[in-house]
Amino acid sequence: MASTTAHSANFKNYILVTLAYWGFTLTDGALRMLVLLYFNQIGYTPIQIAFLFLFYEVFGVVTNFFGGWIGSQFGLKVTLYSGIGLQIFSLVMLSFLNPNWAQWIAVGYVMVAQAFSGIAKDLTKMSSKSAIRLVVPQDAQSSLFKWVAVLTGSKNALKGVGFFIGSALLAAVGFINSLWIMAGGLSLIMFSGLMLPKGMGKIKKKIKFSQLFSKSEEINILSAARFFLFGSRDVWFVVGLPVFLREILGWSFYQVGGFLACWVIGYGVIQFLAPTLIQRFGSGRPPQSKTIQFWTFILTAVPAAIALALQLGVRADIAIVGGLLIFGVVFAFNSAVHSYLVLAFTDDDKVALNVGFYYMANSGGRLAGTVLSGLIYQFFGLVGCLWTSMFFVLAAALITLKLPDPEPSKAIAWKAGDGD
């Protein structure tokens, strides 16, 4: 009877966390598209637009570093809903943007607003993924893989939906009204936090500053691999690809945005299906170290193949669209297995610290990829971005060779009902 009650409470908490994450993700995708479309509309170049998101990535790194410590000391409920609150603040702040301001003032203002959004995004993501570790027993690894995949896959699919919502809102009600509508929707989600336990993810002992750097060899290996994995995507996806589609292939901005939105949705669907596909066509066991090694080495060949196809004169639209679809499928498997392994290697009392540290590496990879995407495209074009992507993936693959198989413990440190 007690186990049934605990299971019911855990499931309720999982639903609440997931709904909060979904609501945030929709606004995150919509906000990115709103900013892209609006600033393109008023004459900014794609590279200038990309740099509007620089603080978004920079402060994501900082947030993930300290977010795990905050979550472990004050509870994941605090970090989750602080992230949603900061996103509301960012949306309201952007609504006061004046199109008559000088360009440098407008850019600075948007970068600061995006910094708050970046903090919000990584607080919310760290909290949501850490919370799942606390509602699934560590000996239920197959269930953990499925639940992580559902959260991660649905997040990416909804981010793509957010791209469409942002475009539709901008066309229907304009930039300012769109921001206020999204802020209002997120405000309603804040009330769901009243139903989560206060002590979720909180540990009793104090954490020293030196302990913010993970001492787990497995987490350090995964974090290093994650840095290069996500850098490999953004080094050609963030700036190089959209600029290439617009300037070389002559696509309209709406075609570019729609295609990227569809790609993100498809990527999310593959992540959602990853546990079923891996277990059906594999050994039936949860992912091991060889699983991530296999998928990362496979991914290494994809950007290299696209670059070679472009250099050999294959039609650019076929090479890019076909290659991007393959890249998305293989990358989704990589990301799903990564998201599972970081939790499988984590003890309950260190979940917020380890997940925060891990996603700091994730944010660092995105930051490096974003900056390099603009610089490399400027001097070496999309082919240069793709070769850089290949070397990043290869680095991630070589790093994972040192990864052992996860050995989950039998106990669970936190159970539903602890705390008020």
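Author: Gly 313 comes after H10, and its phi is positive, near 90°. Helices here are DSSP runs (H or I, at least four residues), numbered from the N terminus. The model is predicted: local features need pLDDT of at least 70, side-chain atom pairs count only at pLDDT 80 or more, and totals for chains, interfaces and linings use all residues. Residues are numbered from 1 along each chain as its sequence is written, and side-chain values use heavy atoms, leaving out hydrogens and water.

Reader: What should H10 span at 1.5 Å a residue?

Author: H10 has 23 residues, 289-311, so it should span 33 Å. The expected span is 1.5 Å times one less than the number of residues. Its end C-alpha atoms are 35 Å apart, which agrees.

Reader: And where does Leu 312 lie?

Author: In the loop between H10 and helix H11 (316-344).

Reader: Is Leu 312 buried or exposed?

Author: Exposed, because its relative accessible area is 72%. The cut-offs: buried is under 20%, exposed over 50%, partly exposed in between (1.4 Å probe, protein chains only).

Reader: New topic. Which helix holds Ser 223?

Author: Ser 223 is in H7, residues 217-237. Ser 223 counts as buried because its relative accessibility is 3%.

Reader: What is Ser 223 in contact with?

Author: Phe 357, Tyr 358 and Ala 361, leaving aside neighbours within four places in sequence. Contact means heavy atoms within 4.5 Å.

Reader: How many H7 residues are buried?

Author: 15 of 21, so H7 is mostly covered.

Reader: How far apart are the end C-alpha atoms of H7?

Author: They are 30 Å apart, which agrees with the 30 Å that its 21 residues should span.

Methods: Helix = DSSP H or I, 4+ residues; strand = E, 2+ residues; numbered from the N terminus.
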